[in-house]
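Please look over the sequence and the structure below before reading on. The briefing that follows goes from the whole chain to a few single residues.

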Amino acid sequence: MRLALCVLSWGKNMRMLRIGLCQINTTVGDIEGNTRKILDYIARGKRMKADLLAFPEMAITGYPPEDLLFMPKFIEADLKAVKRIAQATSSITVLVGFVDKDGDIFNAAALLHDGKIVDSYAKTFLPNYGVFDEDRYFQPGKENFIFILRSTPIGPSICEDLWYPGDPIRTQALSGGAELIVNISSSPYHAGKSAYREKMISTRASDNVAIVAYCNLVGGQDDLVFDGGSVIFDQTGNLIARGKQFEEDLILADLDMEAVFRMRLHDPRIRKERLASEEKTLKRIDLPNYSRQARKRPPIPKKENRPLDRLSEIYAALVLGTGDYIRKNGFRTVLIGLSGGIDSALTAAIAVDALGKKGVVGVTMPSQYSSKGSIDDSELLARNLGIRLIKIPITEIFQAYLKTLSPSFKGLKPGVTEENIQARIRGNVLMALSNKFGWLVLTTGNKSEMSVGYCTLYGDMAGGFAVLKDVPKTLVYELARHRNKEERKETIPRNTFMKPPSAELRPDQKDEDSLPPYPILDPILKAYVEEDKGLEEIAKMGFKEGLIKQIIQLVDRNEYKRRQSPPGVKITHRALGKDRRLPVTNKYRNF
């Protein structure tokens, strides 16, 4: 897809519009802080002599505010903030996401112009799938409209409204003659979504013969991460401008609206569609011209933001999601149990990239079953990352547990119970350090382990945030290699990649003693957990039915563990959280 030039000259006969997409990182509930950030970007837009600025969906409240929406004072604060922002819009027009109230509440975009609240557009399509619960809170918008700014008809819309090929976009563009569609969005990330989204937006632009400007939220919120990547596509479906991924950005472009008008004059689809939709009424709002001096505009800095590749994109999502969760919840330092394995190594690397090395503390807790290689690898990783390492052996604590429990366990062979005791000792040590110093514990389990319950409640699951919760084991290895490649050195030690995965809770233990090899396990889990495939469909992929049934049983049986796990960054199409809500008490089996 070619990148069109977004900096144009301003001839006398050209009808140009300068737009700015304000891709900001908001915090849910921080209405005051979000408002200050919005006001700052408005000031920046004014300095660049922008005609129109767009902010993300629910930028004032943060997204998603969930049950805060049931609190009247929260809505009152949101509405006060809109009035305050409107006062700052002299000589500029702004579309900003907020929660509107007219009896019911609406997911809305406020149209602010020259110091006043002109109107609001309410979202038409309310998503109620995956991580979305908008039907729980909002009523759908019923009124569609366009507004005229500097002789340009513009159609506002919100997130999901753009994903449908028909209304409200089609009526705005074809009945109302909108030459520019501005969509404000808070679209959560998963791997591969940005490319699919851009293809959709390009199609909407060319199908409606209109420029489409799409402003997306950026930042982490609990288990969600928003990737930004705001874009503008011209009326032929070609890219004009793209914002940064996983960073705040102000995307400015000068739009040649006269070119859109000329193209629409000669497009037979426009005439045909307009005749077919003449019966649809559409409100038109004419915005008065600003009282402004000569509009000599500073040049827009030239920049080209290329999309990240698959691994860079996923890694950036993990770093942003982790860092925002930590900072937005008031922590400065995190604590990670380092085992010498690949999961804890990648978690530590992500934490360092999110917070800096001074914000990360590692703890190695060797037992009698810990190999020298694992201890050495933990120490080498800590040196390579430049983080502080605390060493707390647990052998004596473990022996004290066994002695205390020996009367009750008399005559019984050691087994999983004793293994789990070690994991829980380590969890207790980490939580003790967390309580004493105010550090947040990052758990290190991955999606493969969490799916089948290969983890210990109140042991390795103890912590405040699970960085790799949605990262399958095979992807953990890919991301760790990617991190080393980007650093151009073996920050994560070579031996960490080479040794077989092991919990090291008994002599010579390996993960494959209990689970299929991860290259076999992960595709089955993806098919069952993310794609809802049953036994017969998965068997057609070439796996044995007995193995498939065993894995399905493990996934279903361990829902109770996942309910008690901390949140973690969502990076796949379906994470083990809000995306997949199965009952704990459940006798149904999908085979």
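Among contacts in the chain between residues at least 6 apart in sequence, what percentage join residues at least 24 apart? The share is 76%, counted over pairs at least 6 residues apart, where a contact means heavy atoms within 4.5 Å. This is a predicted model, in which local features need pLDDT of at least 70 and side-chain atom pairs count only at pLDDT 80 or more, while totals for chains, interfaces and linings use all residues. Residues are numbered from 1 along each chain as its sequence is written, and side-chain values use heavy atoms, with hydrogens and water left out.

**The chain as a whole**

- The chain has 20 helices and 20 strands, which are DSSP runs numbered from the N terminus (helices are H or I with at least four residues, strands are E with at least two).
- The radius of gyration is 27 Å, close to the 25 Å that the globule rule gives for 591 residues, so the chain is as compact as a globular protein of that length; the radius is taken over C-alpha atoms, and the rule is 2.2 Å times the number of residues to the power 0.38.
- Along its principal axes, the C-alpha trace spans about 90 × 50 × 50 Å.
- Of the 591 residues, 58% count as buried, a term for under 20% relative accessible area, with exposed meaning over 50% and partly exposed in between (1.4 Å probe, protein chains only).

**A bent helix**

- Helix 12, made of residues 395-409, bends by about 30 degrees at Lys 403, and Pro 407 follows within four residues; the bend is the angle between axes fitted to the seven residues ending there and the seven starting there.
- Just after helix 12, Gly 411 takes a positive phi of about 85 degrees.

**Cis peptide bonds**

- The bond from Tyr 63 to Pro 64 is cis, with omega near -5 degrees, and Pro 64 lies in the loop between strand 2 (52-54) and helix 2 (72-86).
- Asp 167 and Pro 168 are also joined by a cis peptide bond, with omega about 5 degrees, and Pro 168 sits in the loop between helix 4 (160-163) and helix 5 (169-175).

- Asp 114, in the loop between strand 4 (104-113) and strand 5 (116-122), has a positive phi near 50 degrees, and it counts as partly exposed at 27% relative accessibility.
- Val 209 has a positive phi of about 50 degrees although it is not a glycine; this residue is in the loop between helix 6 (193-208) and strand 9 (211-216) and is buried, with a relative accessible area of 0%.
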